[in-house]
Amino acid sequence: MAWDFSTEPEFQRKLDWMADFVRAEVWPLETVFDELGQDGFERAIAPLRDEVKQRGLWAAHLPPELGGQGFGQVKLGLMHEILGSSPYAPFVFGNNAPDSGNAEILALAGTPEQKREWLEPLLAGELRSAFSMTEPGTAGSDPTLLATRAVQDGDGWRIDGHKWFSSNGSVADFLIVMAVTDPDERPHGRASMFVVPADTPGVRVLRDIATMEQPTEHFGRVGGHAEIVYEGVRVPKDSLLGVRGAGFAIAQQRLGPGRIHHCMRWLGVSRRAFDMLCERALSRYAHGSPLAEKQTVQNWIADSAAQMQAARLMTLHAAWKMDTEGASAARQDIALIKFFGAGVLHDVVDRALQAHGALGYSTDLPLEAMYRHARAARIYDGPDEVHRQSVARRILRGYAAPADGVPSEHVPARRAAARERFAGLLEAVTSND
Ligand SMILES: Cc1cc2nc3c(=O)[nH]c(=O)nc-3n(C[C@H](O)[C@H](O)[C@H](O)COP(=O)(O)OP(=O)(O)OC[C@H]3O[C@@H](n4cnc5c(N)ncnc54)[C@H](O)[C@@H]3O)c2cc1C
């Protein structure tokens with residue numbers, strides 16, 4: 001019987017160092033990011049990255065033979081909780097999306113040559129990547145509908161399709177593109193993944209889509225979401241990642257850990273918003289008392305604490321299951337945390353923003369940006385509804401409709417059965433009367 005919620009003291013020391021480092025060195029960069037520009041930002045974080053590498057915390061999501069730490073999902077989760085507190089911290093630790101997930105794909109499915117050409121420079125921070133799956137014309141929540149095609153063309157492949165929301169697509173050196181290679185196969189065996197260098201003729205990056213997160217059009221920026229047309233894009237046969245038709249299998253392996261990391265990063269954001277909520281509750285005075293003494297605000301604090309605690313335990317449990325039983329055993333737990341965690345993030349940020357009134361709505365605080373980011377969490381990596389559906393379907397597999405249509409807990413039916421079973425006792429009790 002081993003239910004152990006403690007963290008090894010040695011790893012806890014690493015976490016404590018990370019928490020202090022991110023707060024002291026990374027948080028200040030947030031307020032001058034626009035002034036620094038991409039180049040200035042890269043220069044500012046270069047010495048921080050060196051420090052992270054010296055501490056052995058760089059690209060920790062990968063196994064040791066690929067330059068990572070082989071931490072496993074529980075430790076990575078605890079680390080991401082800290083890195084999530086700032087949108088820039090993952091860049092400093094070499095595990096920012098989508099590069100970290102793409103590195104995992106290359107580590108998982110890449111040939112030694114593909115690893116040398118793409119993974120090694122990606123890990124060294126010399127290249128940027130994007131993951132190009134979602135299309136404007138088909139439902140991203142059901143990727144078996146993908147329309148982008150890759151057909152064999154001489155010794156290689158020709159890719160044609162229209163993608164959007166390829167994060168970092170406008171600054172990427174290469175894109176991992178999901179395309180249908182085998183339309184007549186079963187739905188989850190139709191697609192394959194390809195590594196496509198961004199300068200391949202026929203790759204046309206149309207724009208970075210203006211979003212809630214970045215409402216003004218701004219092309220060629222890290223964090224942008226690109227719309228890309230692939231028109232007669234010819235790539236050699238060794239651009240195929242893994243075996244033909246394995247696109248979904250690879251995506252599934254990448255998405256499991258990625259969702260755990262997202263959920264833990266959301267807890268880092270939630271914690272920061274929660275701290276602001278509590279600070280504001282104590283400092284703002286209205287209608288005869290501080291906000292801290294209003295029951296509604298007390299409810300916000302208590303509900304937020306309970307939700308964060310629940311999401312944290314659920315996420316770490318999913319991570320533990322992945323470490324101990326494997327990705328497939330953790331699928332239901334991961335679907336649960338994906339929609340539950342996104343809801344907790346939204347609720348906590350929303351309450352903190354509300355408690356600050358107009359100040360919370362303004363850009364004088366990071367809450368409005370957190371709120372805009374939080375909204376996307378309910379959509380990317382699968383919308384809430386799809387995860388709920390998947391959880392419900394799995395749960396329902398453990399149930400069957402009663403043969404006679406009568407609910408198995410129906411009291412009159414149970415009473416009749418109990419009367420029959422206890423007839424002797426009941427008769428004795430009645431005759432004693
Ligand atoms: C910030 C951000 C970053 C992203 N980054 C990337 C990226 O790097 N690469 C990439 O390829 N994609 C990326 N995406 C795209 C993302 O993966 C898709 O938006 C997502 O999969 C949903 O697909 P869709 O937008 O086509 O919505 P649709 O599939 O059209 O779904 C629309 C809505 O329909 C509803 N719905 C769908 N299915 C069901 C159901 N079964 N039951 C009930 N309701 C349902 C849901 O409410 C859903 O939100 C990103 C998206 C965002 C917002």
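Which atom of the ligand does a backbone N or O atom of M133 lie 2.9 Å from? In this predicted model, where local features need pLDDT of at least 70, side-chain atom pairs count only at pLDDT 80 or more, and totals for chains, interfaces and linings use all residues, it is an oxygen atom of the ligand. Residues are numbered from 1 along each chain as its sequence is written, and side-chain values use heavy atoms, with hydrogens and water left out.

Further polar contacts (pairs of N or O atoms within 3.5 Å) involve nitrogen atoms of the ligand: one is 2.8 Å from a polar backbone atom of F131, and a nitrogen atom is 3.2 Å from a backbone N or O atom of F165. Taken alone, the ligand exposes 970 Å², of which the protein buries 67%, the areas being computed by the Shrake-Rupley method with a 1.4 Å probe.

The shell around the ligand holds 18 residues, among which F131, T134, G140, S141 and F165 come nearest, a residue being counted if one of its heavy atoms lies within 4 Å of the ligand. Two or more of these residues are given by each of β3 (156–167) and α12 (384–396), and the largest share, three residues, comes from α12. By class, the shell divides into nine nonpolar, seven polar and two charged residues, with Gly counted as polar.

T315, found in helix α8 (residues 295–325), counts as buried because its relative accessibility is 2%, the limit for that class being under 20%. Beyond its neighbours within four places in sequence, T315 is in contact with I260, C263, M264 and I337, where contact means heavy atoms within 4.5 Å.

Key. A polar contact is a pair of N or O atoms within 3.5 Å; within protein, one must be able to donate a hydrogen and the other to accept it, and residues adjacent in sequence count only if both atoms are side-chain atoms. Helices (H or I, at least four residues) and strands (E, at least two) are DSSP runs, numbered from the N terminus. Buried means under 20% relative accessible area, exposed over 50%, partly exposed in between (1.4 Å probe, protein chains only).
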